[in-house]
Amino acid sequence: FVKSPRSAQIAGFCCGLIIFFDDYANTLVAGSSMRPLMDAFCVSREKLAFIVDATAAPIASIVPISSWVGFEVGLIQTELDKILEKYPDADVAQTGFAVFLETIKYRYYAIFMLFLMPL
């Protein structure tokens with residue numbers, strides 16, 4: 001499968017996409033597991049660090065099944081409860097998860113990094 005430095009970098013990117021449940025776990029697992037492969041194809045450690053970092057946070061912030069999103073949804077829900085308590089007739093989403101899903105399309109950094117990394 002991996003036959004060149006470019007394909008090794010794509011493999012590192014794909015590994016980062018697969019491990020989406022937590023950004024720190026992604027960094028540790030993808031970085032450690034891809035290091036021997038990148039070394040074999042003379043891809044610098046700095047490049048590996050960038051590939052791992054540029055996929056870890058963006059994928060964890062977009063995929064609805066991650067520890068990052070669970071924390072975000074909790075914060076959003078707390079603020080929604082305050083808004084709905086003060087303005088019961090407010091026309092806003094009722095759950096923090098619904099607000100999170102609505103905001104995915106505005107996460108430009110994450111979207112751009114995930115689309116531009118493979119180029």
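Biologist: How do I read the crossing of H3 and H6, left-handed or right-handed?
Modeller: Call a crossing left-handed if the near helix is turned anticlockwise from the far one by less than a right angle, and right-handed if clockwise. H3 and H6 cross in the left-handed sense. The helices are DSSP runs (H or I, at least four residues; strands are E, at least two), numbered from the N terminus. Bear in mind that this is a predicted model, where local features need pLDDT of at least 70 and side-chain atom pairs pLDDT 80 or more, while totals for chains, interfaces and linings use all residues. Residues are numbered from 1 along each chain as its sequence is written, and side-chain values use heavy atoms, with hydrogens and water left out.

Biologist: At what angle do H3 and H6 pack?
Modeller: Two packed helices are described by the angle between their axes and the distance between the axes. Axes are lines fitted to C-alpha atoms, for helices over the stretch in contact, with angles from 0 to 180 degrees between N-to-C directions. H3 and H6 (residues 108-116) pack at about 130 degrees, their axes 9 Å apart.

Biologist: Is Ser-61 buried or exposed?
Modeller: Buried means under 20% relative accessible area, exposed over 50%, partly exposed in between (1.4 Å probe, protein chains only). Ser-61 in H3 counts as buried, because its relative accessibility is 8%. Leaving aside residues up to four places away in sequence, Ser-61 touches Trp-68, Val-69, Phe-100, Arg-107 and Ala-110.

Biologist: Which residues are buried in H5?
Modeller: In H5 (residues 96-103), they are Gly-96, Val-99 and Phe-100. They sit on the same side of H5, because they cover an arc of only 100 degrees around the axis, taken from the directions from the axis to the C-beta atoms. Among what covers them are H3 (45-62) and H4 (67-86).

Biologist: And how do H1 and H2 cross?
Modeller: The axes of H1 (residues 5-18) and H2 (residues 23-40) come within 9 Å and cross at roughly 160 degrees. H1 is therefore roughly antiparallel to H2, and the crossing is right-handed.

Biologist: What about H1 and H3?
Modeller: H1 and H3 pack at about 30 degrees, axes 9 Å apart, so H1 is roughly parallel to H3. H1 passes H3 in a right-handed crossing. Gln-9, Gly-12, Phe-13, Gly-16 and Leu-17 of H1 meet Lys-47, Ile-51, Thr-55 and Ile-59 of H3. That contact divides into four nonpolar, four polar and one charged.

Biologist: Where does Cys-42 lie?
Modeller: Cys-42 is in the loop between H2 and H3. Its phi is near 55 degrees, a positive value in a residue other than glycine. With 72% relative accessibility, Cys-42 counts as exposed.

Terms used:
Contact = heavy atoms within 4.5 Å. Parallel < 35°, antiparallel > 145°, perpendicular 65-115°, else oblique. Nonpolar A, V, L, I, M, F, W, Y, C, P; charged D, E, K, R; others polar.
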